[in-house]
Amino acid sequence: MRRALALAQQAFGTTSPNPAVGAVLVRNGQVVGEGYTQPAGQAHAEVVALRQAGDLARGATLYVTLEPCCHHGRTPPCTQAIIDSQVSEVHFSIVDPNPLVAGKGRAELEKAGIRVVVGEEAEAARKLNEAYFKFITTGIPFVTAKFAASLDGKIATRTGDTRWITGETARREAHRLRAISDAVMVGIGTVQADDPQLSARDTEGHPLHRQPMRIIVDSTGRAPASSRLLQEPGSVLVAGARIPQERAKALSLAGAQVAQFPDETGSVDLKALLAFLGQRQVTSILAEGGGALLGSLFDQGLVDKVVAFIAPLIVGGAEATPAVGGIGSATLGEALRLQDIHIEQLGDDIMVVGYPRIEGQPTASQR
C-alpha cells in the first residue's frame with residue numbers, strides 16, 4: 001500500500017477534479033502491475049495496473065489507495081474491470097466519500113466473490129486527497145493559506161521590499177504547491193506591489209505545461225492590464241465587487257475573465273467566490289496573500305490548511321507588512337491554533353504545515 005501511495009503522488013496535480021490514486025497488483029509475492037490515475041477522462045489507477053498485468057491479474061491481490069469507483073463517469077466503472085480480470089482480493093485504504101461510490105464499490109466487489117480489506121494507510125490516503133474529500137462532499141474548494149515571512153512575521157519591509165525573504169529551497173517548494181493546486185489566489189495589493197507572474201515553474205525556472213488558474217481578488221478592478229500574470233499561459237479570473245464597466249472591459253481585453261461578487265459592504269464576497277469556483281470544478285486553491293486577503297480568509301473561517309515558510313530574519317518596523325491582516329483575534333485565547341502540525345527545514349528556512357482547529361469541528365484532514 002505504501003508503494004501505491006507513492007504512485008498516487010506521481011499523479012498529484014494532474015487529475016483534478018478526480019482524486020490522485022495509486023494501485024499495485026501482487027501475485028505470488030511479485031508485483032505484476034501498477035499504475036496511477038491519468039488526467040481526467042483517461043484511465044484510473046486500477047485499470048492502468050490491470051492492463052499492465054494482463055492475464056497475471058487472475059488470482060492476484062490489488063492494493064489501491066481509494067475505494068474503486070462503481071459508476072459510469074468519463075470512464076467505465078473500475079469495479080467491473082476488477083471483476084472481469086478475476087482479481088481474487090482487493091485492499092483499499094479508505095472509502096470514497098463521493099455519494100456515487102461511498103461503500104457501493106466495496107459492495108459490488110464482495111457480491112462478485114472478491115475478498116475486500118479496508119483501512120491500510122488510511123490516514124496517509126486521506127491527507128493525500130484532502131482537497132478532493134472536501135470538494136466532493138461540499139462542492140467548495142479546499143483553501144490552503146501560504147505565506148513566507150520573517151521570524152517576526154513580516155512579508156515586506158517598511159519600504160515594500162519583498163525579495164527574497166526565503167531561500168531557493170523554500171521557493172522551489174512554493175512552486176511545487178502551485179503545480180499541485182487548481183488555482184492560485186492573491187489580493188490586488190500583492191499585484192500592485194510585486195507584479196507577480198504566479199506561474200508554476202520547474203527547478204530551472206521554466207513554466208510547467210499545466211498551470212493553475214490565477215485569481216486576483218480586486219474589488220474595484222485596479223489590476224493593471226499590463227500585469228505580468230496576464231501575460232503568462234493559463235486562465236486568469238479577476239474577482240471584483242464594483243468594477244466599473246470600462247475597467248472590466250480593459251481587463252477582459254487583456255485576457256482575464258471578470259466576475260463580480262459584491263457583499264453588503266461593497267467588498268468581494270469570498271464565500272460566493274469559492275462557491276463559484278466550486279461550480280467550475282476548482283477543487284483546491286493556494287491563497288498566497290497578501291496580508292489583507294489572508295486576514296479576510298482567516299476571519300471568515302475559510303482556510304482549511306496553512307503552509308508557512310519562516311525565514312531566520314528580523315525585519316522590524318511598525319510599518320513593515322505583516323503576513324496576516326484582517327480583524328484578527330481580540331485575545332490569545334481566541335487566536336486560531338493549528339493542529340496535525342508538520343515542521344520541516346528547507347535550507348535555512350523552516351516550513352510549518354498545519355490545520356486550523358475549530359472547536360467542535362473535525363480538522364480538514366479528518367473530514
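# Reading contacts in this model

Guide: Let us start with Arg228, which counts as partly exposed at 32% relative accessibility (buried is under 20% relative accessible area, exposed over 50%, partly exposed in between, with a 1.4 Å probe and protein chains only). This is a predicted model, where local features need pLDDT of at least 70 and side-chain atom pairs pLDDT 80 or more, while totals for chains, interfaces and linings use all residues. Residues are numbered from 1 along each chain as its sequence is written, and side-chain values use heavy atoms, without hydrogens and water.

Visitor: Which residue forms a salt bridge with Arg228?

Guide: Side chains of opposite charge can pair when their charged atoms come close. The partner of Arg228 is Asp195, with the closest N and O atoms 3.9 Å apart (the cut-off is a side-chain nitrogen of Lys or Arg within 4 Å of a carboxyl oxygen of Asp or Glu). This pair links distant parts of the chain, 33 residues apart: Arg228 is in the loop between β9 (213-217) and β10 (236-240), and Asp195 in the loop between α8 (188-194) and β9. Asp195 is partly exposed, at 28% relative accessible area. Helices (H or I, at least four residues) and strands (E, at least two) are DSSP runs, numbered from the N terminus.

Visitor: How many salt bridges does the structure hold?

Guide: There are 14. One of them joins the side chains of Arg2 and Glu121, at 3.1 Å from N to O. Arg2 lies in helix α1 (residues 2-11) and Glu121 in the loop between β5 (115-118) and α5 (122-128), so this contact ties together parts that are 119 residues apart in sequence. Arg2 is exposed at 66% relative accessibility, whereas Glu121 is partly exposed at 29%.

Visitor: What does Arg3 form with Glu34?

Guide: Another salt bridge, with 2.7 Å between the closest N and O atoms. Here Arg3 in helix α1 is linked to Glu34 in strand β2 (residues 30-36), 31 residues apart. Arg3 is partly exposed, with 41% relative accessible area.

Visitor: Are Tyr132 and Phe133 buried or exposed?

Guide: Both Tyr132 and Phe133 are buried.
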